[in-house]
Each structure stands twice: as C-alpha cells, then as structure tokens.
Amino acid sequence: MNCVGSVYICEDIFLVYIPFSIAYHKNSRSMGHSTALFLLLSFLLLSGTSYLDRVTLGFCNADPNVGCMDIERKALLKLREGLTDPSDRLSSWVGVDCCKWRGIGCNKTTGRVDSLNLRNPYVDVSESDDGTLHALGENSDIGGQLPRNLGMLCNLQSLELSINKVTGEITEFIDSLSTCTNSSLERLDLGYNSLTGNLPNSLGLLKKLRHLTLWSNSFQGSIPESIGNLTSLEEFYLARNKLGGVIPESFGQLSSLVAVDLSENTWEGVVTEAHFLKLRSLKDVSIQKASPNISLVFNISSKWIPPFKLRYLNLRSCQLGPKFPAWLRNQTELVTVVLNNAKIADTIPDWFWQLDLLLDELDVAYNQLGGKVPNSLSFSYPANADLSANMFEGPLPLWSRNITTLYLRDNLFSGPIPSNIGDVMPSLSDLDISRNGLSGSIPLSLGNLSLLTTMVLSNNYLSGEIPHFWNNIPFLYIVDMSNNSLSGTIPRSMDSLGSLLYLILSSNNLSGELPSLRNCTGMKSLDLGENKFFGNIPAWIGESMLSLLILRLSSNSFTGSIPSNLCGLSNLHILDLSHNNLSGHIPRCVGNLSGLKTSLFSDKDTSYLYQGKLKVVAKGRVQDFDPTLYLVNSLDLSNNNLSGEMPRELTSLIKLWTLNLSMNHLTGVMPSRIGSLESLETLDLSVNQLSGSIPQSMVSLTFLNHLNLSYNNLSGTIPTGNQFNSLVDPSIYEGNTALCGYPLPDCQVNGGTPQGPMGGGEDKAFEMWGFIISMVIGFVMGFWGVCGSLVISKSWRKTYFQFTDKMIVACIRKYQGAQEI
C-alpha cells in the first residue's frame, strides 16, 4: 500500500499498530492532521476491529498491483489440500496472486478475497420437484471433506460449493465462519452435496446472511433457535435433507425473509401464527413431501390476518384442515396455490373463487373437498389445475384456454364430457378425468387438441364408438379408455399415432379383429383385455412393437396359436394371453423373453414411468397394480386349449414372479430345473394332464407363497423343506391320486414304489376293494340263497318253520330242567 492513510493489521504485526501511530504522530508536519489520524486509528482499534481485518482510510487509494494477502492465500491452499479435483478445475490455483485464481474474487479496492465460487458449472439442476441433476460433463465434481476452518477469510461475502461431492459435518465449518467479528458473509450455498451433521447454533452469528442454500444434503436434527437472529435473511432453502423435529418459533423473527423451502424433510409438531409473526416480506413458501404421512399441523386461527402477501404457496402433506384455511382470504397476489393432501374436509368458500387471482397452478388434490366447481377462475399460460381425489360433483368445469394440464380424476363429476371441451381449452397437453361418473360419448372436439400428449378417460360410463380423430393429435403418447362401455372396433386411424406408448382399452365391449398398429413402433403397453376381440393374435405385434413392456390380450376370443415372434419382445415383463381359445404348443422360444430374466428398471427410471393400472392374477386372486406395476413380472397363458409339454426353456426366466398355465391340456412332466425360477411367488399348473413327480428342485423356490398343482396326474412324494413346509392346504394337490406326503397322508414304501394316499399303494388298494366287493357279493348270495328259497317254495317254508319250532321247544325244556336241578 503506497499511502500513509492505510494500515495492515495482521496476526503477526498487530502490536505494531500503536507504535506506528505514535511515530507518525511525532513526525507529522501537521499536528492537526496527525491528531485526527491518531484518534481515528485508536477509535477503530477500540471499536473491536478484527486482527484479521484490513482498515483502509477513505482519503487514499489502493495500489492496483497488490494481490491477495499471504494469510488468505495460505487459507485457500489449505482448502485445496482437502479437496479432490478430477477435472482440474483448481489447476489455476498456483502463484502468489490468489485473486487471479479461478473461482476467487477479490475486492477491487482492498484486494481482500470476498468471494469463493466452486459451484460445479458442468451440471444443471432441473426445475423438477425432486431437484434432479443433469450432468453436462463427466467427473466434474469437486470432492473431499468440507473445510473445517475458513476463519482466515473474514471478508468473504459469497461462498458457493454447490453441486459437488463434498462431505463432512457442517458444525466446525460454520463455527469457523462465525469467529469473524461482524462477518461479511451474505451468500452461503452448499446445496447438492453429501454434507452431514446438525445445523449449529453458530449459524445465528452470520447476521449479514441474505441467501442460505443447504438443500439436497444429509443434514440432521432441526433448525436451531438462533435462526431468528438472521434478520437480513431473504432466501432460506433446506429442502431434501434428513431434518426433522419442531420448527422453532424464532423462525417468525426473519423479518427480511422472502422465500423459504423446507420440503422433503420430516418436520413435526405445530405451526402457529408465531412462526409468521414478523415475516412481512414473505412471498414464497414451500413445505411439501412426497410421502402421504402427515406429521406437521398448521393450527392457525380463522381470524388471523397474515402480515404478508404470498405469491407462491406450496403445502403438500401438511395438515391445514379440516376447514379450508380462512387466512387465505386476504392473499390477493397468489399465483401458485398447492394445498395437496392437507386433510381439508370442506367446500371451497365462495370468497376464494372470487379473489380475482391469475393462477399458474391450482392443486388441491387428495383432500375431501366437495361441492360444485365454478368456471370463474382465471389462469396464465401455461397453467396446471389438479382437483384429483376429492368429492367434487356436478358437471366438469370449463376454465381458461391457458390451462395446459387438467387433472380431475377420482371425483364425483357426472354428466357428459362437455362437447366443446377441446374448443374452450385448446392448449391442453394432459387430460385426466378418469374415475368419475361421466357418461355419454367421447366428444369430437377432443380431436382439436393438437398439443395433447395424455388422454385418460378410464373408469367412467362412457359409451358409443371410439371417434376417428387421431390424425389430428400427433404428440399423443398415452390413451387410456379402460373400464367404460365403449363398443365397435379400434379405429384404423390410431395407426397414425407414431408417438403412442400406452394404449389401454381393457374392460369395454370392443370387438372385431385387431387393426394394424404397425406405425406405433414405440409402444410400451398394449392392454386390450376384457373385450370381444377375435381372430389370430397379429404377428405385427412381435415385429413392430419391439419396446413393449406389457402385452395383455386376456378374456377375449382370440384363436390360433401363440405367434413365435412374440418371443422377440425382449423388454416384455408382463404377458397375459389368458382366457382365450388359443391352441397349439407353448413356443420354446419363450426363453428369449429377457425382460423376465433381468431387472429392467432402476429407481430413477420409475420416477416418471406410467404404465396405467392393470389387473394381474397373483397369489391366487386378481390384484390391481398401479404405481408398482413396473415391478410385476408375469406370464399368464391360463384358460386356453394349449397342449404339449411345458418347455424347459421356461426355467431360464429367473425374474418371473407369476407363472400361470392352468386350465389347458398340457402333458408330460414338469421341467426338472423349475427350481431355477428363484423369484417365483405364484405357480399355478392346475387342471392339466401333467404326470410324473414334483421336481425336488422346487424346494429352492423360497419366495413361493401360492402353489396350485391340483387335478393333474402327478405321482410320488411331495417335496419337503423351505416353502413346502408352509404350503399346508391339501387342495393344492387334490385330484392327483398317486401323490402322498405332507400335507396329504404319509407314504408307505413297498418295494421302493411310493404308495397312494391310503398308505398302501395301488396293489393294496385294489386288494382292499376286492375284499369289500367279495364280502358284499357273498352276503347277498347267502341271504338270497336261504331267504329266496323260502319265499319261492311253500314246502320248504313249512319244513323250515317246523324245524325251528322243534328247536325252540327243545331249548325251553332244557332250560326248565336246569332250573329244577
């Protein structure tokens, strides 16, 4: 520094301050000037200026050639030692002047380090609710331990380490930042890392903080009481951590707070008016979690008038009910309203519909809201409206042309779908009005929705034919019209839907042969079950729909054999051809269904995966699978006229959960390696003509909980061990006369041959039946040999009765003689 008006006060030369001042005072030509300088420097010292701070007086300028201080450079190098840097983002951290290092910012006047930005520039955080990260480069994350001491960088105003792989606890790190007297830190962003530990009370000492971003880590504990000291805080982001407990009332002291996101944590207890006491600047509030379990309750008086005017309100899985929150009455600036799963059992008051809001989102799904819905709401573009899973009734509401996604499923809406729905809301991209009481036909105006991607009309009372408007909806990828009363055939124009992935038309009265859908090459789920389709199963399914995950054609009237090219559907994890009139053999190429050999999906894949709701016969009963449908691996060919042997290639489908081949005409023995189906939970081979013994390898089926082998020609001893010890219902094996062993009667071995359920074997059984029959015949012949003769011959009867009389008289006389003696 080239001016006398500046003083460095460093750790090593702190005691030089006063001598320097006195010397300058003695040598100054201007006593007034020196006195003023002395008093000013003394005042700064006594006022508690940190020994690490640099004091620059206003009457001189800094030397532009001066770099960062040595003590700050050493602190940064110490920081680098604890980090890993696979992409060499810190390669510029060499040389004396740390102000020229990448990610380091210095004050242009003082030269002190005032910003540290190591945010990963190669990863984008999407705007999805779960904060999904999209990598724009590989190995770009900085890793290692969170630095425990940054106390040498007391002039930092901004510290960003977000979107990396930094680990460690946060307590010592925050403690070190708070040691700076009157810390300058305004922005702290540690989001999207792997940080742990509790949020320390020392956080409340960073009183100049304006932006605190800690989301997407693994922080535990609760929010410290000291948070109320951060009266300059404007943004507070704690979403997606492992925090919990009670939100402290001191939260209500954050008078500058504008936006807060506490989502995806496990908060407990009660939120009252005290939590919002001084939040006059509050605009955005988000407290949501994906789990439906509610542990946070809002207990706010209906007479309370908030001190703020919210713009964004997102409360999901928090209890606000049972009454609709009256404190929203004066929230006239709302743009986003989410009160999802809030235990509200009420009608939406008229005053809410009359707030004259311009919304981009209205989500009150999963409550018990009722009443009719007016058409008075206004929306900006684009907009989402979700009233699902309530008890709204009356006709479907018709709102603004700006609505892009409309979810009204699972309510009590009735009457026809408005004929002009496609004209009033032409911007719709997603439409779900399933599970209501809607009737009538499908309106033709839906064909005007050229931007539509999903059309879900299932579980209503819709009738008539499927319209022929599909050429006008090129982006459609979900069509679900299942569980209605639709009739007629599948329109051939559906073949124009090149983007179609899910076609679900089950449980209707549709008929005819299947039209070609060869152009739907991306199809993932084709469900046409419970209809009246006939003819052969088209070969083009196995030729064109190579991405199929689900093929369900059950309960129709299909004939012919199973096309062998279905075996080429390598992603198939549900194949249901049951309850048809199919004949021929089960193709041996069934072993090529690799989707039943490996796990197709990871947890990340399933976050957006739609496969509809499907009925699957599992564990001996029909079950509905909805959000977990992607987990089901099932092969059901039951109730057909299939013949031949069970292909041994079936035993390679090791991820199969359910195998149902019952009620066919299968012959031969069960494959000896059937125990290789290690994931099998349900096996039904009943009502066939299978013979031989039950393979011992089935003992390895440790997940098996439903077994039905009844009404076959099986023989021998039932295996024991593992799951077989819990399969105690004898009906599992009934109709197999030569089976024995638990839970049937024990076997008795004779000459090495297993015996039947009576304990004797076939020869002994025949001997017993022969003995019984001969006894009966002998009795009948003996009886009628005597009695028949007496009936037929009168002389024989007279002789017989005379003989009998003489015998009786002789016996009486003998008895009397004995008495006299």
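Predicted model: local features only at pLDDT ≥ 70, side-chain atom pairs only at ≥ 80, totals over all residues.
**C520 and C318**

C520 has 0% relative accessibility, so I noted the residue as buried, the cut-off being under 20%. I then looked up C318, which has a relative accessible area of 3% and is buried too.

**Counting the disulfides**

How many disulfides does the count come to? I got five. Next I numbered the bonded cysteines of the protein chain in sequence order and wrote down the pairing, which is 1-2, 3-4, 5-6, 7-8, 9-10. A reminder to myself: each such link is a covalent bond between the sulfur atoms of two cysteines.

**C68 and C98**

I checked this pair and found the two sulfur atoms 1.8 Å apart, forming a disulfide. The link joins distant parts of the chain, 30 residues apart. I placed C68 in the loop between β2 (54-56) and α3 (70-81), and C98 in the loop between β3 (83-84) and β4 (104-106). Are the two cysteines buried or exposed? C68 has a relative accessible area of 8% and is buried. C98 is at 0% relative accessibility and also counts as buried.

**C99 and C106**

I moved on to C99, which a disulfide joins to C106, with 2.0 Å from S to S. I read -95° about the S-S bond, and the link of C99 and C106 is left-handed. C99 is at 23% relative accessibility; buried would need a value under 20% and exposed one over 50%, so I logged C99 as partly exposed.

**C154 and C180**

I found the sulfur atoms of C154 and C180 1.8 Å apart, in a disulfide. The angle about the S-S bond is -80°, and this link is left-handed. Where do the two cysteines lie? C154 is in the loop between β8 (143-145) and β9 (158-160), while C180 is in the loop between α4 (171-178) and β11 (187-189). The pair therefore ties together parts that are 26 residues apart in sequence. I also looked up how covered they are, and both C154 and C180 are buried.

**A patch on the surface**

Last, I turned to the surface. Which residues form a nonpolar patch there? I listed Y381, L451 and F475, with about 340 Å² of accessible area together. I followed up on L451, which sits in the loop between β29 (437-440) and β30 (454-456). L451 has 40% relative accessibility, so I put this residue down as partly exposed.

Key. Residues numbered from 1 in each chain as written. Heavy atoms only, no water. Patch = residues over 30% accessible without salt bridge, like charges linked within 9 Å, V, L, I, M, F, W, Y side chains within 5 Å. Areas by Shrake-Rupley, 256 points an atom, 1.4 Å probe, with all protein chains shown as cover. Salt bridge = Lys/Arg side-chain N within 4 Å of Asp/Glu carboxyl O. Helix = DSSP H or I, 4+ residues; strand = E, 2+ residues; numbered from the N terminus. Buried < 20%, exposed > 50% of the residue type's maximum accessible area, 1.4 Å probe, protein only. Disulfide = S-S within 2.5 Å.
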